[in-house]
Amino acid sequence: MLEKKLPFILEDAENGLTHLSRELFAEHYDKLKELDKAIKSHEQRIARLCQQNPRSKRFLECRA
């Protein structure tokens, strides 16, 4: 939810945030987006590795 609302909050010049606050929130928002991308990339790599390993495949099949 924060990821969707924060850009609108940062653009709203009437919400009382200081310029410094806007800058800091924007920087952290950018870092959050980068971390989300990295996590998705790692999840994809892990999924590929699991599909290549017979034990991992059996484990995943048991969980389903």
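## Helix α3

Helix α3 covers residues 54-63, and of these 10 residues the number buried is 0, so the helix lies largely in the open. Buried means a relative accessible area under 20%, exposed means over 50%, and partly exposed is in between, with a 1.4 Å probe and protein chains only. Helices are DSSP runs of H or I with at least four residues, strands are runs of E with at least two, and both are numbered from the N terminus.

The model is predicted: local features need pLDDT of at least 70, side-chain atom pairs count only at pLDDT 80 or more, and totals for chains, interfaces and linings use all residues. Residues are numbered from 1 along each chain as its sequence is written, and side-chain values use heavy atoms, with hydrogens and water left out.

At the start of α3, the backbone nitrogen of arginine 55 has a side-chain oxygen of asparagine 53 within 2.8 Å. Leucine 60 also belongs to helix α3. Leucine 60 has a relative accessible area of 31%, so it is partly exposed. Leaving aside residues up to four places away in sequence, leucine 60 touches Cys50 and Gln51, where contact means heavy atoms within 4.5 Å. Leucine 60 and cysteine 50 are 10 residues apart along the chain, and their C-alpha atoms are separated by 8.2 Å.

## Arginine 22

Arginine 22 sits in helix α2, which covers residues 19-52. Its relative accessible area is 16%, so arginine 22 is buried.

Not counting residues up to four places away in sequence, arginine 22 touches Ile9, Leu10, Asp12, Ala13, Asn15 and Leu17. For leucine 10, the separation from arginine 22 is 12 residues in sequence and 5.9 Å in space, C-alpha to C-alpha. A polar atom of the arginine 22 side chain lies 3.5 Å from the backbone oxygen of isoleucine 9.

## The whole protein

The protein has 3 helices and 0 strands, and its elements run α-α-α from the N terminus on. The radius of gyration is 19 Å, well over the 11 Å that the globule rule gives for 64 residues, so the protein is more spread out than a compact globule. This radius is taken over C-alpha atoms, and the rule is 2.2 Å times the number of residues to the power 0.38. The C-alpha trace spans about 55 × 20 × 10 Å along its principal axes.

Of the 64 residues, 8% count as buried. The accessible surface comes to about 6000 Å², and carbon and sulfur atoms account for 59% of it; areas come from the Shrake-Rupley method with a 1.4 Å probe, and for residues only the protein chains shown count as cover.

Key
Polar contact = N/O pair within 3.5 Å; in protein donor to acceptor, adjacent residues only side chain to side chain.
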